[in-house]
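I opened my notebook beside the structure and looked up a few things one by one.

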Amino acid sequence: MASIKRHWSQPDSKPFDKNLLTPNNPRAHPDLRVKDRSNLQEIRSRVRALRDELEIMKKRGKMCIEEIGYDFDKERLLDEALLPDGYGPFVDPKNGKVSKDWLIKREVDNYAKTITEDFATILETKVKPRFYIQTMGFTVPWHQDRGTQSAINFVLTTSRDPIEFRHRVYRYRTAIIDVQQEHQVTATTEDRVLFKLSLPDMDFDTARRKFYKYCLDNDVSPSGKGIHV
Ligand SMILES: [Fe+2]
């Protein structure tokens with residue numbers, strides 16, 4: 001019997017031909033075919049753009065936000081958020097820039113404290129609460145959060161203004177968010193009031209899993225009105 005050559009299973013032993021990448025090569029990607037071959041800067045910037053595009057494509061489809069059902073008294077929490085005591089301008093830890101149109105309050109008590117403690121129990125992790133007020137018209141520009149891996153955000157205004165990730169835009173009310181993925185928020189339609197629970201020691205996927213496990217174990221709906229405070 002004739003032996004069957006299994007070409008398909010043989011590894012490609014041919015060394016990689018770097019010339020394939022040169023702009024002279026007709027087989028190169030059209031974006032790499034530059035008329036002025038001496039313009040290396042242009043070639044490099046096009047390669048960089050393609051690489052960025054590839055990164056965005058890779059991230060597309062990766063989850064970065066999950067809306068959750070957590071039944072709380074929004075009016076009561078908003079009332080606490082609007083108490084002016086304790087607010088100060090946000091100072092960017094990266095560059096020391098002070099944002100007077102983005103206020104933060106780190107000391108919370110009463111109802112906000114109850115919710116904070118509730119999530120510390122649900123997720124079995126350290127939870128750091130904050131209130132934010134973002135003036136209408138102000139953009140919190142592209143950033144990854146510092147000092148926190150993920151967060152649970154409660155939008156206390158109307159949630160018409162979305163959070164933007166590089167690959168997608170979301171409107172939400174209460175959600176677990178992967179704040180390690182670049183995001184920005186513009187308060188376009190109104191002053192934006194937010195209650196945020198930072199999770200410094202827990203990543204997005206773990207927080208999601210923990211939340212759903214809690215719901216299962218306690219027989220409550222993760223997307224409905226199961227948990228009451
Ligand atoms: Fe952020």
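**Entry 1**

I began with Arg76, which is partly exposed because 13 other C-beta atoms lie within 10 Å. The model is a predicted one, so I kept to computed values, with residues numbered from 1 along each chain. Arg76 has its place in helix 2, residues 74–81. I then checked a distance: the C-alpha atoms of Arg76 and Ala112 are separated by 9.1 Å, and the two residues are 36 apart along the chain.

**Entry 1: positive phi angles**

Next I looked at backbone angles. Asn110 is not a glycine, yet its phi is positive, at about 50°. I found Asn110 in helix 3, which covers residues 110–123. Is Asn110 buried or exposed? Asn110 counts as exposed, because it has 12 C-beta neighbours inside 10 Å and the cut-off for exposed is 12 or fewer.

Glu124 went into my notes too: its phi is positive at about 55°, and Glu124 is not a glycine either. I located Glu124 in the loop between helix 3 and strand 4. Glu124 has 11 C-beta neighbours inside 10 Å and therefore counts as exposed.

**Entry 2**

I moved on to the strands. Strand 2 (residues 88–91) and strand 3 run antiparallel and are joined by four bridges. Gly88 stands opposite Ile104 in strand 3.

**Entry 3: strand 4 and its partners**

Which strands pair with strand 4? I looked up strand 3 (residues 98–105), which pairs with strand 4 in the antiparallel sense over four bridges. Two residues of this pairing made it into my notes: Trp102 stands opposite Gln134 in strand 4, and Lys105 stands opposite Phe131 in strand 4.

I then turned to strand 11, residues 192–199, which also pairs with strand 4 in the antiparallel sense, over seven bridges. Here I traced Tyr132, whose bridge partner in strand 11 is Leu194.

Last, I asked how many residues of strand 4 are buried. Six of the seven residues in strand 4 (residues 128–134) are buried, and the strand is mostly covered.

Definitions and conventions:
This is a predicted model: local features need pLDDT of at least 70, side-chain atom pairs count only at pLDDT 80 or more; totals for chains, interfaces and linings use all residues. A residue is buried if 20 or more other C-beta atoms lie within 10 Å of its own, exposed if 12 or fewer, and partly exposed in between; C-beta atoms are placed from the backbone. Two strands pair if DSSP finds at least two bridges between them.
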